[in-house]
Structure formats: C-alpha cells, structure tokens
Number of protein chains: 4
Amino acid sequence: MTISPKKAMVYLTTQRIEAFSDGVFAIAITLLVLEIKVPHVSEGGSLWAGLGHLWTSYFGYIFSFIMIGVYWANHHHIFHVYKKSDHYFVLLNVIFLMCISFVPFPTAVLVEYIGDPEHRQAAMTFYALGLFLPAFSWLCTWLYASHKHRLLDQKLSPSYVTKTTKLFVISNLLYFAAILISLWNGIAGLIVCSSLTLLYLQAPSQPTYTDETDAAV
Amino acid sequence: MTISPKKAMVYLTTQRIEAFSDGVFAIAITLLVLEIKVPHVSEGGSLWAGLGHLWTSYFGYIFSFIMIGVYWANHHHIFHVYKKSDHYFVLLNVIFLMCISFVPFPTAVLVEYIGDPEHRQAAMTFYALGLFLPAFSWLCTWLYASHKHRLLDQKLSPSYVTKTTKLFVISNLLYFAAILISLWNGIAGLIVCSSLTLLYLQAPSQPTYTDETDAAV
Amino acid sequence: MTISPKKAMVYLTTQRIEAFSDGVFAIAITLLVLEIKVPHVSEGGSLWAGLGHLWTSYFGYIFSFIMIGVYWANHHHIFHVYKKSDHYFVLLNVIFLMCISFVPFPTAVLVEYIGDPEHRQAAMTFYALGLFLPAFSWLCTWLYASHKHRLLDQKLSPSYVTKTTKLFVISNLLYFAAILISLWNGIAGLIVCSSLTLLYLQAPSQPTYTDETDAAV
Amino acid sequence: MTISPKKAMVYLTTQRIEAFSDGVFAIAITLLVLEIKVPHVSEGGSLWAGLGHLWTSYFGYIFSFIMIGVYWANHHHIFHVYKKSDHYFVLLNVIFLMCISFVPFPTAVLVEYIGDPEHRQAAMTFYALGLFLPAFSWLCTWLYASHKHRLLDQKLSPSYVTKTTKLFVISNLLYFAAILISLWNGIAGLIVCSSLTLLYLQAPSQPTYTDETDAAV
C-alpha cells in the first residue's frame with residue numbers, strides 16, 4: 001500500500017501470474033489423457049477386455065488429475081492473500097509450475113510399471129517423489145512470500161500465516177514420509193499419498209484479518 | 001449479496017473457475033486433431049485413397065469437437081446463474097473437467113474400431129459411456145449448486161431451476177438409454193447420442209428472474 | 001444498446017468467445033511443433049544433414065504458424081465490430097475453430113509428401129483445402145452476423161460491411177481457385193495460397209462509423 | 001493519448017496480445033514434458049537405472065523450462081511499457097511466438113544427442129541457435145516498437161529506452177557468440193547460454209518516466 005502505482009507497475013501483477021499459471025495447470029492436467037493408449041485387440045480377443053486391462057491408465061489419470069486439480073484450487077486460494085509480486089517470486093512460481101508440468105511423467109511411469117511386481121516399488125517411489133516436488137516448491141514460494149509479510153496483505157493476521165506455514169511444512173514432511181514408506185512398501189506409500197490428497201480435499205481454512213479480529217498486530 | 005466481500009474472497013470466484021475450465025475445454029478440443037494420423041501410402045497407392053480411408057478419424061474429430069463445443073457453450077450458459085462458489089463446487093467442477101478431458105480417449109477407441117465389425121459395438125458402447133460421464137458429472141454439479149439456491153442468484157425464479165433440473169435429468173436418462181441401446185445395436189446407440197447433441201444445439205431457454213415475473217418467491 | 005442487461009446476460013459475451021477462441025488458436029499454433037521429429041542419424045551420418053533434410057517440416061511449421069497467426073489477428077480485428085452474440089453465432093464460431101484446429105493435419109500431410117513427386121500434388125491440394133475450410137467457415141460466420149447488422153454495432157457504416165463482405169467472398173474464391181490450380185499444378189496452387197497469406201498480412205482497413213462520416217444510414 | 005478511442009479500437013489492445021502470448025508460452029513450456037519418454041527396462045534391469053539414464057531429458061526439460069519462463073517474465077515486463085499496438089507489431093509478436101514455440105524441438109535434439117560424442121557439438125550449436133532465434137525476434141519487436149517511441153508510453157524516459165536497446169543488442173551478440181563458440185566447443189557454448197540465462201534471472205531494471213525525474217526530454 002506504500003508502493004506507488006508507477007513502481008508497482010514494473011512487477012508482474014499477481015493476476016497475470018495467476019492467468020499464466022492457470023494455462024500451465026490446464027495443459028498439464030489435460031495432457032494426462034494422452035497417456036491412455038488405445039488397446040490393440042489381438043485376433044479373437046475382446047475389446048472390453050482390452051479396455052479393462054487399461055485400469056492402471058485410468059487410475060493414473062484420475063489420481064493425477066485430482067492431484068493437479070487440488071493444487072490448482074490451492075494455488076488460487078493462496079494467491080488471494082498475495083498482494084504483490086517481485087522478480088524472485090515470479091521465478092519461484094515458474095519453478096513450481098515446472099514441478100506441476102512434470103507430474104504427467106511420473107504418472108506415466110507409475111501406469112507402465114504398477115502391474116509389474118519387479119518394478120512396482122521403484123515406480124511408486126518415483127511417483128511419490130513426483131508429488132513431493134510441487135509440494136516442496138510450493139512451500140518455498142510461500143516461505144519467501146510470507147517472510148515478514150513480504151508480499152502478503154499487511155492486514156493478514158499473523159496467526160493465519162503461522163497456521164498456513166505449519167500446514168505446508170507438515171504436508172511436506174508427510175510427502176517425504178510417503179517417499180520413505182514407499183521404499184519399504186510401495187502400496188503403503190501410495191496410500192499415504194492418497195490420504196494426503198484427501199486431506200487437501202478438505203475445505204481450506206479462511207484467512208483472518210487483523211481488522212476483523214480484535215486487532216493486536 | 002449478504003456475503004461480505006472479505007468472506008467471499010476466500011472462495012474462488014466463478015470467473016476464475018470459468019477461465020480455468022475454458023483452458024481445459026480449449027485443450028481437450030484441440031488435442032482431438034492429434035488422433036488423425038498421416039496415412040502411409042504403399043507403393044503405387046494413391047494419397048487420396050489413403051486420406052479417404054481416414055473417414056472414421058474425420059467423423060470422430062467432428063463429432064467430438066461439436067460435443068465438447070456444445071458442453072463449453074452450456075458451461076458458460078449455466079455459469080451465468082451461479083453467483084458464488086465453494087470448495088465442493090470447485091471439486092465437482094474439476095471432476096466434470098476430468099470427464100471432458102477424457103472424451104478424446106473414447107473418441108480414439110471409436111475411430112480405431114468403428115470399421116471393425118467384430119468390435120464396433122463395444123467401441124460404440126464405450127463412446128456412449130464417454131459422453132454420459134460429463135453429462136452425469138454436470139448434473140451432479142448442478143444439483144449441488146441449485147439445492148436450496150445454494151450458489152445461485154437468489155432472484156432466479158424457482159420455475160427456471162426446476163425446468164433446468166428436469167432437462168438435465170432427462171438428458172442423463174437419454175444418454176444412459178443410448179448406452180443400453182448400443183449394447184443391443186451399436187449404430188442405433190450412436191444415432192441416439194447424435195440426436196441428443198442436436199437437441200443441445202437448440203437455443204437454451206432464457207433464465208427468468210422473480211423481479212421480472214409477477215414475483216412470488 | 002436496446003438490449004436489457006438481463007437479457008443480454010444469457011448469451012455468451014463476445015469477450016468470453018474471444019478468450020476461448022484464443023485458447024484454441026494458441027494450442028493449434030503450438031501443436032505444429034510436434035510435427036517436427038528429431039532426425040535419426042545413421043552410422044557415420046551428419047546431424048546437420050539430418051536437420052537439413054527436415055526443411056519440409058520447417059517450411060510447414062512456418063507457413064502454418066503464420067496462417068493461423070494471421071487468422072488469429074483477423075479474428076480479433078473483426079470481433080471488435082461484433083457487439084453481441086447469439087446461440088447460432090457461438091455454434092458457427094465453434095465450427096470455425098474446428099477448421100482452425102484441423103490445420104495441423106493437412107500441414108503434416110504436406111510435410112510428409114511434399115518431397116515425394118508421386119504424391120506431392122495430392123498433398124498440396126489437400127493443404128489448399130485445409131486453408132480454404134477456415135476461410136469458408138469464417139465467411140459464413142460473418143454473413144450470419146452482418147445480415148441486417150444482426151450482431152454488429154448499429155453505427156457501423158453500411159459501406160464498411162459491404163466492403164468486408166466483398167473482401168471475404170473474394171478471398172474465398174481465390175482459395176477455391178488455389179484448390180483448382182493445385183489439381184493442375186501443385187506448386188502453382190501453393191504459390192497462390194502464399195500470395196493470399198501475404199495479402200492478409202497487409203494492414204486491414206479501419207471500420208468507419210456513421211457518426212464519423214456525414215451520416216446517411 | 002492523441003489517439004481517439006474509435007481509432008485505437010481497430011488495433012488489438014496489448015492486453016489481448018499478452019493473453020494470446022501467455023497461452024502460447026504456457027503450451028510451449030508444458031509440451032516440454034512430452035519429450036521425456038517412459039524408459040523400457042530390459043529383463044533383469046533396474047527401473048532406477050532406466051530413470052537415471054534420462055538425465056539428459058531432465059536437463060533439457062529444466063533448462064528449456066527456465067529459458068521459456070524467463071522469456072515469459074520478460075515479455076510481461078516489457079509489455080508494461082508498450083501503450084498501443086499496430087498491425088506490424090502484431091505480426092512481429094507472432095514471429096516471436098513462432099520462435100518460442102520452436103524451442104521444444106532443439107531441446108529434443110539436444111536431449112537425443114548430448115550423450116553421443118559424435119553429434120554432441122552439432123546438437124549444442126543447434127540448441128544455441130534455437131535460443132538465439134527468440135532473442136533476435138524479440139530485439140526486432142523492441143526496435144520496431146521503440147523507434148521514435150512509436151508504441152511506447154510517451155512519458156517513458158529516453159534513457160530507459162536507450163538502456164533497454166543496449167541490453168537487448170548485447171544479449172543478442174552474446175547469444176550469437178554462443179553459437180560461434182559452440183562450433184568450436186559444444187560444452188563451452190552451452191555454458192555461455194546458461195550464463196546468459198542466469199543474467200536474465202537478475203531483476204530487470206525499473207522503467208523511469210520523465211515526470212518522475214527532474215524532466216529534460
């Protein structure tokens with residue numbers, strides 16, 4: 001608010017960053033369908049059986065679609081509390097988008113090897129890693145932006161910031177735990193990841209503002 | 001209207017959801033062209049014959065393009081009566097987009113097997129199912145949003161809501177019927193689906209508002 | 001201007017249609033790069049020679065990129081004079097976008113067969129047809145929208161409308177001529193198409209309004 | 001500012017051009033992931049080894065993602081000082097986008113041949129060329145727009161324009177030098193390109209306006 005319009009103008013507005021991010025999210029989420037390949041039915045075979053064998057593809061499609069969709073929703077939710085942007089924030093957001101765009105690849109690896117007992121575990125660990133990367137870069141972006149309210153609405157209550165930081169740190173630890181668990185047991189790691197996703201599906205908490213509470217900044 | 005700006009702010013605005021949905025629609029609709037493969041003309045063959053043999057690809061492209069285009073137009077049409085959004089609405093919309101993004105896959109299956117008498121019927125049933133999924137998730141989104149005018153403009157006339165609900169339930173039943181019919185006769189199922197599309201092509205009815213009619217909320 | 005806001009609301013705004021169209025244009029134009037395949041250099045061969053052999057791919061990429069880019073610029077240019085939209089206009093625009101999205105396919109066919117003397121002519125005719133389709137659907141959209149100023153700014157001078165209609169009809173005739181010429185000589189047909197593109201690259205004429213001229217509607 | 005609203009209307013607004021460019025950037029950047037192919041592990045092999053062998057793919061993905069991301073950020077940064085657009089500017093921007101959309105191809109070539117001592121150097125020169133093309137078209141766009149403040153904010157200080165022109169000319173010379181260096185030593189050329197990217201990662205300078213300084217236009 002102490003930023004003059006002229007000065008603020010030279011940074012990208014958060015709306016512009018959101019619009020570009022939306023584009024990347026929309027494309028990454030839609031490219032997932034390209035991983036589902038039309039089955040080639042052999043002589044005398046059944047197309048339904050062929051379509052049924054693709055259950056790993058459907059699973060990967062649905063799972064990753066919801067993961068990216070949830071990240072998209074959270075991206076918007078959090079961007080509401082970012083009031084300005086700067087050069088490093090833009091770069092951190094580009095790195096976050098790089099991690100989101102990468103998700104179709106570990107998904108394809110998981111789909112290819114989930115039915116193969118020998119490589120299933122490695123594929124699941126790689127997938128858990130693929131989910132950890134956006135969570136981690138998302139945390140970094142938040143830590144940079146929220147440090148001393150650098151890019152946040154100045155009126156945002158410190159308790160909301162602390163709570164959000166805690167939430168992001170914990171979810172990173174849980175994703176990291178999912179990687180470790182998947183090294184021991186692939187299925188268990190995937191179940192932890194799924195539960196985390198379900199956690200994210202919960203309605204996020206509402207930001208609180210100091211002029212709404214009885215103050216005390 | 002009784003929502004304070006601060007509180008409303010934490011939910012995604014319907015404009016933002018529309019912009020993201022537009023992106024997914026635009027990509028899903030454009031990816032359809034990737035399913036049309038350049039023909040490999042054998043020695044002494046004719047390129048025109050090769051291009052002609054792709055009629056199933058052109059058919060699938062045009063049919064699915066119009067289907068997704070019609071859903072896009074309806075998405076916008078209906079979003080005009082949604083006045084706010086909440087967390088579950090965002091998730092339902094993501095699931096709807098997941099069904100829209102999936103359409104290129106049943107299209108590819110149909111294109112591959114429509115010329116094969118043995119598998120044509122299964123391919124058509126699968127395609128009808130692929131058209132039913134967005135219709136069904138679209139109905140769920142509407143039922144959630146319109147229940148007690150939860151996310152609708154409060155002035156929207158109850159008769160418009162009832163009429164729209166009826167329309168969506170009937171079109172779902174018809175899509176479901178198309179699946180059943182295609183189990184018995186693939187071509188017939190496809191004709192039912194096409195007719196439904198033609199129905200959607202009709203101009204949708206105008207929303208009416210209680211302050212425009214002689215009231216009675 | 002005599003349309004009440006409530007009534008106008010139920011149609012898609014032209015901005016929304018533009019935004020969706022932009023998405024389709026952006027994807028169709030970017031997908032062109034997927035047609036350029038990394039060359040596989042044989043033992044002892046040179047990568048530069050391999051990259052050089054792809055000149056047909058580069059040619060197709062550049063030519064179709066500029067074609068779609070020019071259509072995009074014209075789409076926006078003309079949308080400035082559309083003041084409202086209706087159901088049929090939306091459908092015509094979807095069909096136009098279907099033709100634009102299709103362009104990468106005839107481009108891929110041209111790239112594959114332009115170096116093959118036997119099939120070059122057929123490939124060029126097919127490509128000319130691929131350029132004619134968006135021109136034709138674009139003309140249809142214009143004729144529908146401009147008929148009795150149906151969707152145009154009411155103040156737009158009739159002379160501008162007549163001039164634009166003439167321009168679109170002539171360019172359609174020329175594209176059609178290019179198809180016919182390419183049946184006789186592929187290279188000649190392609191040269192006609194290129195010249196048409198160069199014509200489009202000229203700055204379009206400015207719309208004139210009746211309140212700017214000495215009136216006479 | 002001396003442009004009447006009616007007249008200005010016939011050109012695309014810079015916002016529209018930005019929105020379309022954003023779409024192309026978002027797609028080009030997301031398509032990069034399609035170049036990373038799921039490894040096929042041979043009998044008795046390790047999936048981790050297979051995933052490890054893809055380091056060239058990861059390298060190409062990250063490098064090109066950051067390059068395109070940096071161009072996107074610069075595109076927006078510079079578009080803030082463009083106040084209007086004209087027909088040639090739109091065409092120059094389309095050519096710039098053509099160069100950006102092309103980046104995934106030299107990236108794929110680099111990824112394919114960076115591990116092959118025979119072709120590594122050619123691949124790197126081609127990649128350096130792929131990075132030079134957007135830099136060069138970007139410079140052309142700037143020179144056209146800034147010539148006699150043609151499309152710039154009239155109040156933008158001439159010193160900012162001169163500084164920016166110098167910066168763009170120098171970075172073009174450096175990219176060109178990178179091409180020449182890569183002809184002599186591929187790795188050295190790539191290091192120069194990387195350093196240039198790091199340079200771009202620096203916060204760009206703030207535009208200055210004549211009414212902010214003590215004047216003297």
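How many residues does the contact take from chain B, and how many from chain A?

Guide: The model is a predicted one. In the contact between the two chains, 45 residues come from chain A and 34 residues from chain B. The size of an interface is often given as the accessible area lost when the parts come together. Between chain B and chain A, about 3,600 Å² is buried, and carbon and sulfur atoms give 75% of that area. Two salt bridges are found across this interface. In one of them, Glu18(A) pairs with Arg16(B), with the closest N and O atoms 3.4 Å apart. Six residue pairs are in polar contact between chain B and chain A. On the side of chain B that touches chain A, the elements giving two or more residues are helices H1 (5-9), H2 (14-31), H5 (87-102), H6 (104-113) and H7 (120-146).

Chain A also meets chain D, where 34 residues of chain A are in contact with 46 residues of chain D. The buried area is about 3,600 Å², with 75% given by carbon and sulfur atoms. Arg16(A) forms a salt bridge with Asp22(D), the closest N and O atoms lying 3.5 Å apart. On the side of chain D that touches chain A, helices H2 (14-31), H3 (47-52), H4 (55-79) and H9 (186-201) of chain D each give two or more residues. H4(D) gives the most, with eleven residues.

How values were computed. Residues are numbered from 1 along each chain as its sequence is written. Chains are lettered from A and ligands numbered from 1 in the order in which they are written. This is a predicted model: local features need pLDDT of at least 70, side-chain atom pairs count only at pLDDT 80 or more; totals for chains, interfaces and linings use all residues. Side-chain values use heavy atoms; hydrogens and water are left out. Contact means heavy atoms within 4.5 Å. Buried area is the accessible area (1.4 Å probe) that two parts lose on being put together, summed over both. A salt bridge is a side-chain nitrogen of Lys or Arg within 4 Å of a carboxyl oxygen of Asp or Glu. A polar contact is a pair of N or O atoms within 3.5 Å; within protein, one must be able to donate a hydrogen and the other to accept it, and residues adjacent in sequence count only if both atoms are side-chain atoms. Helices (H or I, at least four residues) and strands (E, at least two) are DSSP runs, numbered from the N terminus.
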